[in-house]
Amino acid sequence: MAVTDAEPQAPVDNTPVIEHNMATDAATELHLGQVDLLPRNHAVMRMSEVQMAEMADAPLDDENDQTMLMNMGPSHPSTHGVLRLMLEMDGETVVRSKPVVGYLHTGMEKTGEELTYLQGPTNVTRMDYAAPFFNELAFSLAVEKLIGLEIPERATWIRMLMSEMNRISSHLLFMATNGMDLGAVSMMIYGWREREEVLRFFELVTGLRMNHNYIRPGGVAADLPDGWRDSVGRLLDILPPRLEEYDILMTGQPIWRERLQGVGVMGADEAIALSTTGPVLRSAGVPWDLRRDMPYLAYDDVEFDVVVGTYGDAFDRYAIRLNEIRESMRIVHQILDKMPKGDYRATDTKVTPPPRARIDESMEALIHHFKIFTEGFKVPEGEVYAAVESPRGELGCYIVSDGGPKPYRMHIRGPSFINLQTLPHMMSQGLIADAVAVISSVDPIMGEVDR
Amino acid sequence: MTDEATPDPEGADAASGDEVIAAESTGPMAFGCPLVASADGQLVIHPGRDEWLLVASAILADGFRMCIDVTAVDFLTFQGRRELPAGINAERYELVASFINHERRERIRARVQISADDATIGSLTNLYPGADYLEREVFDMFGINFEGHPDLSRILMPENWEGHPLRKDFATGAIPVQFKGTN
């Protein structure tokens, strides 16, 4: 591992260094928040498309005609999908900007109200398509909390294994796209190559490379196949030397550092005020990781470090993700040692379908099977919010149940969507070329932004 | 607020800030609002719509520095069956906002009832700039107006879209699509 000045790998620090410098007095004072945070930083362009169209006919204001409005995207290679940016440029400097999203919107939350709880994971898994297991996991955890269902230990550990492998593959994808965006085109090929190895493991376990529908309410869809240990072990052998190569290719390389250090800087206060989570928040020096701070699954039982940055720039966000791959591998090693035996899904016949063999011999099993797949299982009335730490931050699922077999309301809190708010903030007063570095460092997945 | 995940009337009252005086009520209170514990072990408060910003600023002052989520629910076809604390009248819309206190590692969720006749509520953006996109999404999907939001425009649907898709009376598949070569 390359040791650098900005090496953000820090040991676990149990006392978050969050300054408590605001809102200490006068609870009735309404404007005690960061009321002018964004305008102060020229980070807000409050203009709708309609206003933009009106402006096209507006007479030229010679006095202030120094800036130019420019569209970047929606289909720009560096926008990772269909993100459009409205940029107000002063020469090559970005004065203000506004992300315009929605091009991939397919109403998945509305669709979620039409699908049963069993079908739900097929829907949500398509949101953050680079980290599908986390979508399924958040959804399943929420449903299980509503039912009050305990899942077997092995199912929990399988979920953790798949989550961490998925974090590795997602961060490898980031390495590839980040390299590509910044001109290290060979990095794109390396990143995709390593990710493909991980996807091969997913295919072995779930049958699919993406959109697995593997983690379901009640456990997982199938037990780990024979030979899964070898497959994981092979990955854990391959990856460390490859990550060393990344260090040589990028981390210590002067061009790479010049390109990223000091670009897209954001402080801890701004990051918190803007509701960012994940590597974007941690790069600003806030040690917040749901796996450690609000543990779910069995993260209490494994050891890992929360990687935290110091400068809050694009380089920190790159280095955090690179080192999180290493931390995830550390967790996977422990999972290999501790994987318990037992059932891979709950045996509650009302929620999970019976084993195939039981259907031949038991009338009840056949009935349960039929009921689950035709009308689904009913979930008690109530509302619940479950959150997991996805590679991009807090992925939350809010479900309201009316007691029926379909969610009354299913809302996903997508970290990419909220992290995207930081773009105007980080791009302001930077160069247009750095705007690409900033978008890339936030690592938005547009499927999750637009849902 | 207390560290336990169960409602504690005294602890909750004491920390709710001097300015926001809890109204006399039988149940547990926090930030001057009825407090319940949800199925997920989180604390849920039920502020009234008119004092929403006041409550939100008390939440912020209590160290809940991050607004993690803002969403809404349309209870059009599920009226009257919800469990709400005494004194809270069920309305058609419900705004659901979650906050995180990083130091105490706590979450709190607020559920605000908003009537269908006057679907308006104060915007959190002055207190929590991060609520910007989330409130725009709620406006887009439910047609709830946020007073004081600096840029309340559609975010996911096209600008000229009619209706609010996540309302329960917005039917799925209601838009006829004309394909080439069909009549």
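Helices (H or I, at least four residues) and strands (E, at least two) are DSSP runs, numbered from the N terminus. On that basis chain A holds 19 helices and 8 strands. The model is predicted, and local features need pLDDT of at least 70, side-chain atom pairs count only at pLDDT 80 or more, and totals for chains, interfaces and linings use all residues. Residues are numbered from 1 along each chain as its sequence is written, chains are lettered from A and ligands numbered from 1 in the order in which they are written, and side-chain values use heavy atoms, with hydrogens and water left out.

**Chain A overall**

- Of the 451 residues of chain A, 61% count as buried, where buried means under 20% relative accessible area, exposed over 50%, and partly exposed in between (1.4 Å probe, protein chains only).
- Contact means heavy atoms within 4.5 Å. Among the contacts in chain A with a separation of 6 or more, 72% come from residues 24 or more positions apart.

**Sheet β6-β7-β8 of chain A**

- Two strands pair if DSSP finds at least two bridges between them. In chain A, 3 strands form an open sheet in the order β6-β7-β8, with antiparallel pairing.
- The edge strands are β6 and β8 (409-413) of chain A, each of which pairs on one side only.
- Neighbouring strands of this sheet are turned by 10° against each other on average, direction ignored.
- Strand β6 (residues 382-390) of chain A is joined to the antiparallel strand β7 (residues 393-401) of chain A by 9 bridges. A:A386 stands opposite A:C397 in β7(A), and the hairpin formed by β6(A) and β7(A) has 2 residues between the strands.
- The antiparallel pairing of β7(A) with β8(A) runs over 5 bridges, and A:V400 stands opposite A:R409 in β8(A).
- In β6(A), 8 of the 9 residues are buried, so the strand is largely enclosed by the rest of the structure.
- In β8(A), 5 of the 5 residues are buried, so this strand is also largely enclosed by the rest of the structure. Both faces of β8(A) are covered, with A:R409, A:H411 and A:R413 buried on one side and A:M410 and A:I412 buried on the other.
- Helix α5 (residues 132-147) of chain A lies across β6, β7 and β8 of chain A and runs at about 150° to β6(A).

**Helix pair α6 and α13 of chain A**

- Axes are lines fitted to C-alpha atoms, for helices over the stretch in contact, and angles run from 0 to 180 degrees between N-to-C directions.
- The axes of helix α6 (residues 153-181) and helix α13 (residues 314-338), both of chain A, come within 9 Å and cross at roughly 155°. That makes α6(A) roughly antiparallel to α13(A), since angles under 35 degrees count as roughly parallel, over 145 as roughly antiparallel, 65 to 115 as roughly perpendicular and the rest as oblique.
- Residues making the contact include A:W157, A:M160, A:L161 and A:E164 of α6(A) and A:R317, A:Y318, A:R321 and A:L322 of α13(A).
- The contact residues divide into 15 nonpolar, 3 polar and 6 charged; Ala, Val, Leu, Ile, Met, Phe, Trp, Tyr, Cys and Pro count as nonpolar, Asp, Glu, Lys and Arg as charged, and the others, Gly among them, as polar.

**A loop in chain B**

- B:D117 lies in the loop between β6 (106-114) and β7 (120-122) of chain B.
- B:D117 is exposed, with a relative accessible area of 79%.
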